[in-house]
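Dear colleague,

I am handing over the structure that we talked about, and below it you will find a short account of what was found in it. Please keep the model open while you read, so that you can follow each part as it comes up.

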Amino acid sequence: MCVYLKKNYLHNSLNKNPVEGFSAGLIDDDDIYKWEVVIIGPQDTLFEGGFFKAYLTFPYDYPLRPPKMKFITEIWHPNVAKNGDVCISILHEPGEDKFGYEKPEERWLPIHTVETIMISVISMLADPNSDSPANVDAAKEWREDPNGEFKKKVARCVRKSQEMAFD
């Protein structure tokens, strides 16, 4: 797909189907493959009130392959690695899961868009999957005592994100 068509496809899909809870845009107008997103912590979750920045990096053969997503703002979550990499099924390469954990239809499909990715990430914040963690320590805290140390660490991340939101 030529660059012009990809740029229009990515931008138009957001304009046609706006999703509450995030904003997204190009980091550099000359590079359509690198986006910055800001996710607003979902209401009625531990992440409520937070402003979490992340980069969404699209491969050159998008939409055949998924983008990579990495939080820049510190976030404590079972499905976010300590380095910020997001680990959810929708962002995994298409096809069979060699470990048998995910069904092919749960993984990346070319029909997914920025909106479906963001909806999945917002849903992930509201409902962590500790069965397949990217951050084992966060998953353990979430399973054993979600209102104890896990909640404290998330609250710290929310406060930090609020302080840094306008930097």
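At 25% relative accessibility, cysteine 87 counts as partly exposed, since the buried class ends at under 20% and the exposed class begins at over 50%. Please bear in mind that this is a predicted model. The UniProt entry, which is unreviewed, lists Cys87 under "active site", and such an annotation may be inferred rather than shown by experiment. If its neighbours within four places in sequence are left aside, cysteine 87 is in contact with Asn79, His92 and Ala134.

**The protein as a whole**

The protein contains four helices and four strands, and when it is read along the sequence they follow the pattern α-β-β-β-β-α-α-α. Of its 167 residues, 40% are buried. Among the contacts with a separation of 6 or more, 55% are between residues 24 or more positions apart.

**The sheet**

The four strands form an open sheet in the order S1-S2-S3-S4, and their pairing is antiparallel. Strand S1 (22-28) and S4 stand at the edges with a single partner strand each, so one side of each has no neighbour in the sheet. On average, and with direction ignored, neighbouring strands of this sheet are turned by 25° against each other. H2 packs on the sheet, where it touches S1, strand S2 (31-40), S3 and S4, and the direction of H2 makes about 35° with that of S2.

S2 and S3 are joined by seven bridges, and here lysine 34 is partnered by threonine 57 in S3.

**Helix H4**

Helix H4 (residues 149-164) has 16 residues, and it reaches 23 Å from its first C-alpha to its last, which is close to the 22 Å expected at 1.5 Å a residue. Which residues of H4 are buried? They are Phe150, Val154, Cys157, Val158 and Ser161, and because they cover an arc of only 100° around the axis, they lie on the same side of H4. The background is that an α-helix has 3.6 residues a turn, so residues three or four places apart point the same way. The buried residues of H4 pack against strand S3 (51-57) and helix H3 (136-144), whereas Lys152 and Glu163, on the other side of H4, are exposed.

**Serine 130**

Not counting residues up to four places away in sequence, serine 130 touches Pro78, Ala139, Trp142 and Arg143.

Notes: Residues are numbered from 1 along each chain as its sequence is written. This is a predicted model: local features need pLDDT of at least 70, side-chain atom pairs count only at pLDDT 80 or more; totals for chains, interfaces and linings use all residues. Side-chain values use heavy atoms; hydrogens and water are left out. Helices (H or I, at least four residues) and strands (E, at least two) are DSSP runs, numbered from the N terminus. The expected span of a helix is 1.5 Å times one less than its number of residues. Buried means under 20% relative accessible area, exposed over 50%, partly exposed in between (1.4 Å probe, protein chains only). The arc is that of the directions from the helix axis to the C-beta atoms. Contact means heavy atoms within 4.5 Å. Two strands pair if DSSP finds at least two bridges between them. Axes are lines fitted to C-alpha atoms, for helices over the stretch in contact, and angles run from 0 to 180 degrees between N-to-C directions.
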